[in-house]
Amino acid sequence: MGKMQLPVQKNQIIDCTFEDLTHDGNGVAKIDGYPLFIPNGLPGEKAKVKVTKLNKGYGFGKIIELYEESQYRVLPECPIYEECGGCQLQHLSYEGQLRAKEKQVRDVIQRIGKLDNVTIHSVLGMENPWRYRNKSQVPIGEREGGLIGGFYRQRTHDIIDMKECLIQVEQNDQVLLKVKEVCGKYGVKSYDEKSHKGTLRHVMARYGKATGEIMIVLITKTDELPNRKKIIEDLVNVIPNVKSIVQNINSKRTNVIFGDQTRVLWGAETISDYIGDIQFAISARSFYQVNPEQTKVLYEKALEYAELTGEETVIDAYCGIGTISLFLAQKAKKVFGVEIVPEAIEDARQNAELNKIENVEFAVGEAEVVIPNWYKQGIEADVLVVDPPRKGCDQALLDTIIEMKPKKVVYVSCNPATLARDLRILEDGGYQTLEVQPVDMFPQTMHVEVVSQMILKV
Ligand code: SAH
């Protein structure tokens, strides 16, 4: 076969209009149907572009001159926005971001889900879309004897030192500064990926917004931490609200942050936070939503879509520390939650007790294994809630839902593409999607959370 003819060539300079935005924040221009991805391009803008790279189905380019700016273009607030890559949308006004996310959801619901008669609402955004994140985790490195930590320069593993992150709560910025200072002072070495030597790999800070409680997690290569006692003493002194200092050990050559072993160095094993009236204990390894303000908005929508009267049995699949389960338990007869991380289920049980909620039961395991087993034992849900990770629901779980026939399915998703795929499968299995509500949990980034309501067709 001969070389395929592409409508553009490498290094060619062309005029184009950006039509769209990719999920990683690149502008998209189509040249005779061939998509070019262009960093920093916004929908509606016209530019002179140089083609930098060509693949079979798509290519890349860079802006040489911007002829026409989007009405939504703004100057990024953060001085390290371009190097960092943690945010993708700071050059787009917040209104523009919400529109882009709505379009992203609409597009996949139509293209992948092939759903026509569904109401897609506009995105519920934040009043102040900055300083919202309650969890920060940064890689640690060294420079001139001191510790640095912040983020990897885009597409590299070079660590750039960071003083503040505008989407983090200020408390987390402070914690990271103090940890670098104190650990540096006592001669803690940073871990080096190449030689697999050194001690401190990552630092995580977590903040309970409603309680002011702080957790610090030091992720180290072995269980050794030189000058441990002094470090703890200093940290407790300089960080007034610290409630828990934890060490996690990761001895592997990997870019996965956490290892399997966790131990409390000082204070409590968990910190607590509130979403609405419900209190949550959160341990180092448990998943907890990073934007509690918008989480409340999301869970209230999920509760509304569940339309509970008090008579229902509910299953909450992928329940984490039981956040959605406990929210729903207030209005349901009984809630069953299932989650794969054992520590999260321990937290979930503790959370039920903490809030004196007795009509919930939690199980550790894969949703796609546990729920089919429940079904065999006669546990059937009237309402089933799923909140899977980015890859969406396992086919075995979707099959069980279709067999079990709960009257309603409430699908919470952090990835519209897999949501659309799974909604299609459930539609083919007898469900109808009524509403899709995107919620902006992650301002300044391309991520969008969605909750949707499905009912069993009669
Ligand atoms: N509903 C929770 C957590 C959602 S995040 C909340 O809102 O806080 C998704 C959760 O799914 C994570 O806690 C993750 O550990 C869990 N998980 C991932 N794969 C799973 C599987 N196959 N079965 C059950 N839980 C799983």
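Gln104 lies in helix H2, where helices (H or I, at least four residues) and strands (E, at least two) are DSSP runs, numbered from the N terminus. The model is predicted, so local features need pLDDT of at least 70 and side-chain atom pairs count only at pLDDT 80 or more, while totals for chains, interfaces and linings use all residues. Residues are numbered from 1 along each chain as its sequence is written, and side-chain values use heavy atoms, with hydrogens and water left out.

Gln104 counts as buried because its relative accessibility is 18%; buried means under 20% relative accessible area, exposed over 50%, and partly exposed in between, with a 1.4 Å probe and protein chains only. Leaving aside residues up to four places away in sequence, Gln104 touches His23, Pro416, Met446 and Val448, contact meaning heavy atoms within 4.5 Å.

Gln104 is also one of the residues that lie nearest the centre of the second largest pocket, together with Asp20, Leu21, Thr22 and His23, in a lining of 34 residues. Strand S2 (20–21), strand S3 (27–31), strand S4 (34–38), H2 and H10 are the elements that each give two or more residues to this lining, and H2 provides the largest share, 8 residues. The space in this pocket is about 840 Å³. On a 1 Å grid over the protein atoms alone, a pocket is an open set of points with protein on both sides within 12 Å along at least five of seven lines, a cavity is a set where a 1.4 Å probe fits but cannot get out, and lining residues have an atom within 4 Å of a point. Grid points are joined across faces, edges and corners, and a volume is the space filled by probe spheres set on the points.

Pro416, which Gln104 touches, is one of the buried residues of H10, among them also Leu419, Leu423 and Leu426. Helix H10 (residues 416–428) has 13 residues and reaches 18 Å from its first C-alpha to its last, close to the 18 Å expected at 1.5 Å a residue, the expected span being 1.5 Å times one less than the number of residues. The buried residues of H10 pack against several elements, including helix H2 (94–111) and helix H9 (395–404), and just after H10, Gly430 takes a positive phi of about 115°.

Strands S2, S3 and S4 belong to an open sheet of 6 strands with the order S1-S5-S6-S4-S3-S2 and mixed pairing; its edge strands are S1 (13–17) and S2, each of which pairs on one side only. Two strands pair if DSSP finds at least two bridges between them, and S4 pairs with strand S6 (residues 59–68) in the parallel sense over 2 bridges, with Phe37 opposite Phe60 in S6.

Elsewhere, 8 of the 8 residues of strand S11 (residues 200–207) are buried, so S11 is largely enclosed by the rest of the structure. S11 is joined to strand S8 (residues 135–143) by 5 bridges in an antiparallel arrangement, and pairs with strand S12 (residues 214–220), also antiparallel, over 7 bridges. S11 and S12 form a hairpin with 6 residues between them, and Gly212 in the turn has a positive phi of about 80°.

Finally, the structure holds 1 cavity of 30 Å³ or more, and the largest cavity has a volume of about 40 Å³. Helix H3 (residues 170–185) gives the most to its lining, with 5 residues.
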